[in-house]
Amino acid sequence: MTVRQSIVFNGDLGSGKSTVSVEIAKRLGMRRVSVGDLYREMAQQRQMTALQLNLHAELDQAVDGYVDQLQRDIAASGEHLIMDSRLAWHFFTDALKVHMITEPGEAARRVLARPSGPAESYASLQEAKAKLRERSESERSRFIVRYGVDKARLRNYDLICDTTRASAAEVVEHIIAAYEGTLGADVLRDGRPLLLLDPARVYPTEDIATLRGLWDSEFVGDVAEAGDESLEPLKIGFTGEYFFVVDGHRRLSAAVQNGFSLVPAELVAEVDEPVVGGMSAVDYFAAQVRPGLVYDWEAAHKIQLPLPEQSALLGGDAVLAADRGVGA
């Protein structure tokens, strides 16, 4: 079994990357380095918020330059470690690159619930949600201009994990399994991103009436007994905001019926990449995902899926935004 030397974490605030990376560092006996902690210290020294420092860094390259060189030096050292950084995936080559996402409202709730310092506080859930998005977009714009890379593109990473409903313990176990080669090895070996998605946040693309065997209780029971890691990965498309099934509705349904918080999947196409017949992920989603289809899936599974914005259903231009889910 080949084990990569390091694990590098990227993800917006509230995705749980700090909690998860701390625990994985303990479990694997590796040193952990947090660039986020360094940025917060820099912000406090300048009497700025983290958002203000990000906006300042768009004009002052010295802010990023210091942190970038630190990451390059660590990557070149060959040390096996856990790196919590929004750009480490760009500097590290021989590492498992993990990108953590969560539903924006849940991310804001988590940030509001934790102690805040003088440099970072929010008066309401809506303010927290807006500021977190603004901070993420500031970083994304800066990285595109300065490094020519887009942090929202999923193919930059080896593993994408949706932590919206999953506990920290579940996320830790799944990431360690992927790191040690016992989960998603075939997907990762082929250089494709392995997705660990919240099945209750993944959109169907077929009418329930056409999906035979969806309610096969024996299959649902077998899935429950075997667990989510035993499922053959779903084939998934991504619009830049919404995850949708290309193949694997039966497996997705069984995962939802069993209350799984994570389900394995592989990325087929994102945004402008073709899904089938030359149709892009954005156009495929717009053509297949209709309000009635979403309502029927919700009713059948007793879940709530936010109805996609009209622009998405009409095939509007997508903007990449990672914060915004047994063969069939």
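**Figure 1. The whole chain, before we zoom in.** Of the 328 residues in the protein chain, 54% count as buried. Keep in mind that this is a predicted model. The chain is built from 14 helices and twelve strands. Its accessible surface comes to about 14400 Å², and carbon and sulfur atoms account for 49% of that area.

Figure 2. The crossing is a right-handed one. On the α6 side, the contact is made by Pro 104, Gly 105, Ala 107, Ala 108, Arg 109, Val 111 and Leu 112. On the α7 side, look for Leu 125, Ala 128, Lys 129 and Leu 132. Sorted by class, the residues of this contact come out as eight nonpolar, one polar and two charged.

**Figure 3. Ser 136, a buried serine in α7.** Staying with helix α7, this view picks out Ser 136. Its relative accessibility is 6%, and anything under 20% is called buried, so Ser 136 falls into that class. Which residues does Ser 136 touch, not counting those up to four places away in sequence? They are Asp 12 and Lys 151.

**Figure 4. Helices α10 and α11 pack together.** The pair shown is α10 (residues 217–226) and α11 (residues 249–257). They pack at an angle of about 65 degrees, and their axes are 9 Å apart. This pair is therefore classed as roughly perpendicular. The crossing of α10 and α11 is right-handed. From α10, the contact uses Phe 219, Val 220 and Val 223; from α11 come Arg 250, Arg 251, Ala 254 and Gln 257. The tally for this contact reads four nonpolar, one polar and two charged residues.

**Figure 5. Arg 189 and Asp 158, 31 residues apart along the chain.** Arg 189 sits in helix α9, which spans residues 185–189. Is this arginine buried or exposed? With a relative accessibility of 60%, Arg 189 counts as exposed. The view also takes in Asp 158, whose C-alpha atom is separated from that of Arg 189 by 9.9 Å.

**Figure 6. Val 271, a positive phi in a loop.** Val 271 isn't a glycine, yet its phi is positive, at about 55 degrees. To find this valine, go to the loop between β10 (263–270) and β11 (274–276). Its relative accessibility is 11%, so Val 271 counts as buried.

Figure 7. How much relative accessible area does Lys 302 have? The value is 74%, and Lys 302 is therefore exposed. For comparison with the previous view, Val 271 is buried.

Conventions: Residues are numbered from 1 along each chain as its sequence is written. This is a predicted model: local features need pLDDT of at least 70, side-chain atom pairs count only at pLDDT 80 or more; totals for chains, interfaces and linings use all residues. Side-chain values use heavy atoms; hydrogens and water are left out. A crossing is left-handed if the near helix is turned anticlockwise from the far one by less than a right angle, and right-handed if clockwise. Helices (H or I, at least four residues) and strands (E, at least two) are DSSP runs, numbered from the N terminus. Contact means heavy atoms within 4.5 Å. Ala, Val, Leu, Ile, Met, Phe, Trp, Tyr, Cys and Pro count as nonpolar, Asp, Glu, Lys and Arg as charged, and the others, Gly among them, as polar. Buried means under 20% relative accessible area, exposed over 50%, partly exposed in between (1.4 Å probe, protein chains only). Accessible areas come from the Shrake-Rupley method with a 1.4 Å probe; for residues, only the protein chains shown count as cover. Axes are lines fitted to C-alpha atoms, for helices over the stretch in contact, and angles run from 0 to 180 degrees between N-to-C directions. Angles under 35 degrees count as roughly parallel, over 145 as roughly antiparallel, 65 to 115 as roughly perpendicular and the rest as oblique.
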